[in-house]
Amino acid sequence: MSTEMKKSDPDWWRGAVIYQVYIRSFCDSDGDGIGDLQGITGKLEHIASLGVDALWITPFFPSPMKDFGYDVSDYCNVDPIFGTLEDFDKLVARSHKLGLRVIIDQVISHSSDQHPWFTESRRSRDNPKADWYVWAEPGPHGGVPNNWLSVFGGSAWQWHEARQQYYLHNFLAEQPDLNFHNKAVRAAMLETMDFWLQRGVDGFRLDTVNFYFHDQVLRDNPPAKAEARNNLGTDVNPYHDQEHLFDKNQKENIAFLEELRSLMDRYPGTTTMGEVGDASMGGAIIADYTTGHKRLHMCYDCEFLGGHLRAEYFSGQVQDFELKGKGGWQCWAFSNHDVRRHLSCWSSPEMTQQERAKLAKLLVGLLLSFRGSACLYQGEELGLTEAELQFEQLKDPYGIQFWPEFKGRDGCRTPMPWNDEGKGAGFTTGEPWLPIPPEHLSLAANRQTKDPNSIYSQYKRFIHWYRSHPVLAKGSILIIDSRHPVLAFEREYKNEKILAIFNLRASQAAYDLYANHAVQALTGHGYNSRLEGNRVHLPGYGAFFGLIS
Ligand code: BGC
């Protein structure tokens, strides 16, 4: 790591902008149609040019790829599809030279069923790893042990002939759940994380961090309260009809997160970012997991993802978290590799391309103006929309299970269009593993990077401007107006107080400042709005930033 980075703020992650790389679809260096580590290294300048602090790389460990890397069969190596450990070291070294920190994805709640721990565990009831996974006897009527469901459909229990028992899987049957009540499992997982810390990573994104522990008495989950259905899936998924009181969100997790934090603290300047998937409890869990200095640094939940482009919606989310999680730290995101691209959720097919581009530009300013850190998902800086795929083109088992009501996650995972030519669009010289939609070619990186009016340039401009106003990264937040289409809030840090106003609709809007607000308009952020007397005139999808004195 560059000495400059080492010396810098150990709290860098507060207000950090993190760029998520979905490795399979970022850049393919060897022509097999699948992105890889060398491909990422070759494109680090693109990421660094945006001015972000870090990149988060999705899993690249050996895996049978049933869930595209979220089924790990060896925690301390690289899958040959993605390269070698040496390629990884080079990626880290180059990133650090460019001032980028590297966060990797740890999928420790479950492993692949091909992991040697599981192949040993399933052999018998008395082998040394017999208790490393969650095994259970049939229920009272001879069927599954209880009513727990898999996120990907069906029961969360899979029968195993050799052991004459069921094992738990919150996702695919090929992703058996590790038993975190077993101390040896916890120790083994921390050891694998230490392996990567020693190799120089700057942090971890912790997959499904609230799933680590389960209720040992295996109590049934009650039905979900109507208002608490999760945004992650869809109404077709019965998983969201239950309140997940017993298959996740267990209190024992806190002690483990504290153990994990002690490991992290041995490597100053590193960070953790937990993924909490639970709409009903998200804010409270994030507060619980991130308050103080002994647990995780930050978490994100999926509430904002797939939410509504309404002023009241955003103010509700922010206020809810401020209420429950005052001392906690949120990492906001509009898109990731699990949900429909936000630009498609929030724009209509009737919209002109120009209007859609304006909306895309507004959203980076909005995302970075909330109190917390932010994750950008590859391609959002180009304004990519969701790809509409045919059933035959699907790869995601989640989509295959629930088609056509829910089309899965392939539509947000199509490869990056680096240039506007050919089938591979600069992503690959071979056959891309998922098709690149033709409409993405006109948004390709080569068309946008030199155009000062492009979506990419607004992302870059705003992120650089954001850096010069630490109040946006670290300040408190107070919502002052959320009558759609206008969302207005104040951010305050040390001696600086900023007013941020957003117009979330395509036509113009006006906002009258409070009489006691002496506001001076700020420039350089790339948004056009006019302050006349006490009135701010905002064009469609416009924003205003002013200094309050
Ligand atoms: C990841 C998904 C994955 C699941 C199971 C998540 O939340 O982001 O992509 O399928 O965990 O590991």
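Student: Looking at the helices, is the crossing where H11 passes H14 left-handed or right-handed?
Tutor: Bear in mind that this is a predicted model. In it, the axes of H11 and H14 (residues 455–467) come within 9 Å. Where H11 passes H14, the crossing is right-handed.

Student: How are H11 and H14 oriented to each other, roughly parallel or roughly perpendicular?
Tutor: Check the angle: the two axes cross at roughly 20°. Angles under 35 degrees count as roughly parallel. So H11 and H14 are roughly parallel.

Student: Which residues of H14 does H11 meet, and which class leads the contact?
Tutor: From H11 come Ala 357, Ala 360, Lys 361, Val 364, Gly 365, Leu 368 and Ser 369, and they meet Ile 455, Gln 458, Tyr 459, Phe 462, Ile 463 and Tyr 466 in H14. Sorted by class, the contact has one charged residue, three polar ones and nine that are nonpolar. The class you asked for is nonpolar.

Student: There's another helix pair, H6 and H7. How are they oriented, roughly parallel or roughly antiparallel?
Tutor: H6 covers residues 183–198 and H7 covers residues 253–265, and their axes come within 11 Å and cross at roughly 25°. That angle is why H6 and H7 count as roughly parallel.

Student: What residues of H7 are met by H6, and how many of the contact residues are charged?
Tutor: On the H6 side you'll find Arg 186, Leu 190, Met 193, Asp 194 and Leu 197, which meet Phe 256, Glu 259, Leu 260, Leu 263 and Met 264 of H7. By class there are seven nonpolar residues and no polar ones, and the charged residues number three.

Student: Now the pockets. What is the volume of the largest pocket, and which helix gives the largest share of its lining?
Tutor: The largest pocket has a volume of about 550 Å³. Its lining has 25 residues, and the closest to the centre are Gln 353, Arg 356, Gly 383, Thr 385 and Leu 443. Two or more residues each come from helix H10 (342–346), helix H11 (353–369) and helix H13 (445–448). The largest share, six residues, comes from H11.

Student: How many residues in that pocket lining are polar?
Tutor: Go class by class. The lining of the largest pocket has five nonpolar and nine charged residues, and its polar residues come to eleven.

Student: One last thing: what is phi of Phe 68?
Tutor: Phe 68 is in the loop between strand E2 (54–57) and helix H4 (85–97). Its phi is positive, in a residue other than glycine, at a value near 50°.

Notes. Residues are numbered from 1 along each chain as its sequence is written. This is a predicted model: local features need pLDDT of at least 70, side-chain atom pairs count only at pLDDT 80 or more; totals for chains, interfaces and linings use all residues. Side-chain values use heavy atoms; hydrogens and water are left out. Axes are lines fitted to C-alpha atoms, for helices over the stretch in contact, and angles run from 0 to 180 degrees between N-to-C directions. Helices (H or I, at least four residues) and strands (E, at least two) are DSSP runs, numbered from the N terminus. Angles under 35 degrees count as roughly parallel, over 145 as roughly antiparallel, 65 to 115 as roughly perpendicular and the rest as oblique. Contact means heavy atoms within 4.5 Å. Ala, Val, Leu, Ile, Met, Phe, Trp, Tyr, Cys and Pro count as nonpolar, Asp, Glu, Lys and Arg as charged, and the others, Gly among them, as polar. On a 1 Å grid over the protein atoms alone, a cavity is a set of points where a 1.4 Å probe fits but cannot get out, and a pocket is an open set with protein on both sides within 12 Å along at least five of seven lines; lining residues have an atom within 4 Å of a point. Grid points are joined across faces, edges and corners, and a volume is the space filled by probe spheres set on the points. A crossing is left-handed if the near helix is turned anticlockwise from the far one by less than a right angle, and right-handed if clockwise.
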